[in-house]
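Please open the model in a viewer and keep the selection panel at hand.

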Amino acid sequence: MLHAISVPNTCILCPRSRCFGQRNQGSTRFCLRASLPDNNGEFKVEYTPWLVVGLGNPGNKYHGTRHNVGFEMIDQISQSEGIALNTIQSKALVGIGAIGEVPILLAKPQAYMNFSGESVGPLAAYYQVPLRHILLIYDEMSLPNGVLRLQPKGGHGHHNGVKSVMGHLDGSREFPRLCIGIGNPPGAMDMKAYLLQKFSPAERNQINEALEQGVEAVRTLVLNGFNQKITRFNLGQKYKHHKV
């Protein structure tokens with residue numbers, strides 16, 4: 001089935017050339033792609049879609065916990081960009097829309113953190129999204145609480161959700177990620193207990209601020225790619241809690 005999605009001034013649909021997931025496909029798959037008409041009504045500018053995935057665990061039990069900040073970022077983007085998360089596909093809650101003129105798929109895998117790749121791999125393959133346009137958003141203990149870092153690629157850092165995603169992307173690490181700092185467990189606190197704990201009021205304020213900043217960073221990435229603005233963003237994040 002060919003899916004057409006309406007966003008302002010765009011035409012989204014078409015089969016495309018090979019990218020992730022095509023070598024194993026047994027049937028035709030389609031991508032989302034947007035073209036802008038020029039003044040003569042001819043289509044010239046073409047946009048490759050982005051798959052933006054936040055990692056977390058489904059259910060009220062995990063809502064607001066440290067391990068679910070990836071879900072929270074997707075919710076923030078959904079609200080800011082007016083992209084409704086109203087479809088279930090490949091074990092994920094999905095929303096389809098656009099940032100500017102660029103088509104976007106937002107996704108929150110619903111098969112629990114350690115099986116996140118079961119959603120990301122099939123979605124990327126079905127919509128023929130190239131690796132460079134799969135943005136993974138997740139919690140990162142190596143960063144101070146509320147500090148963000150946007151990278152074009154990287155390892156899994158012992159994060160089980162990222163491990164699962166890499167495993168379903170043919171083992172590749174060549175995809176962007178937005179890491180949201182949650183800090184390390186205090187003292188001898190169990191790591192799992194820490195990840196499933198909710199934030200203190202002060203920490204929550206830092207996370208809320210980070211979520212707003214993250215939306216702007218995602219917009220910049222989608223519209224302009226990894227440029228000097230992203231470099232400055234990362235530098236500003238690194239020192240934002242340092243008092244001068």
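The stops below give selections and describe what is found at each.

This is a predicted model, in which local features need pLDDT of at least 70, side-chain atom pairs count only at pLDDT 80 or more, and totals for chains, interfaces and linings use all residues. Residues are numbered from 1 along each chain as its sequence is written, and side-chain values use heavy atoms, without hydrogens and water.

**Largest pocket.** Select His-67, Asn-114, Asn-160, Met-191 and Leu-195, the closest to the pocket centre among its 21 lining residues. A pocket is an open set of points on a 1 Å grid over the protein atoms alone, where a 1.4 Å probe fits, with protein on both sides within 12 Å along at least five of seven lines; lining residues have an atom within 4 Å of a point. The volume is about 450 Å³, taken as the space filled by probe spheres set on the points. Next, colour helix H4 (191-195), which gives the most to this lining, with three residues.

**Second largest pocket.** Move to helix H1 (residues 69-81), the main contributor here with three lining residues. The lining also includes Asn-57, Pro-58 and Lys-108, and the pocket volume is about 160 Å³.

**Helix pair.** Select helix H5 (residues 201-224) and helix H6 (residues 228-238), whose axes lie 10 Å apart at an angle of about 160 degrees. H5 is therefore roughly antiparallel to H6 (a term for angles over 145 degrees). Finally, display Gln-213, Ala-217, Thr-220 and Leu-221 of H5, which meet Lys-229, Ile-230, Phe-233 and Gln-237 of H6 (heavy atoms within 4.5 Å).

Technical notes: Helices (H or I, at least four residues) and strands (E, at least two) are DSSP runs, numbered from the N terminus. Axes are lines fitted to C-alpha atoms, for helices over the stretch in contact, and angles run from 0 to 180 degrees between N-to-C directions. Angles under 35 degrees count as roughly parallel, over 145 as roughly antiparallel, 65 to 115 as roughly perpendicular and the rest as oblique.
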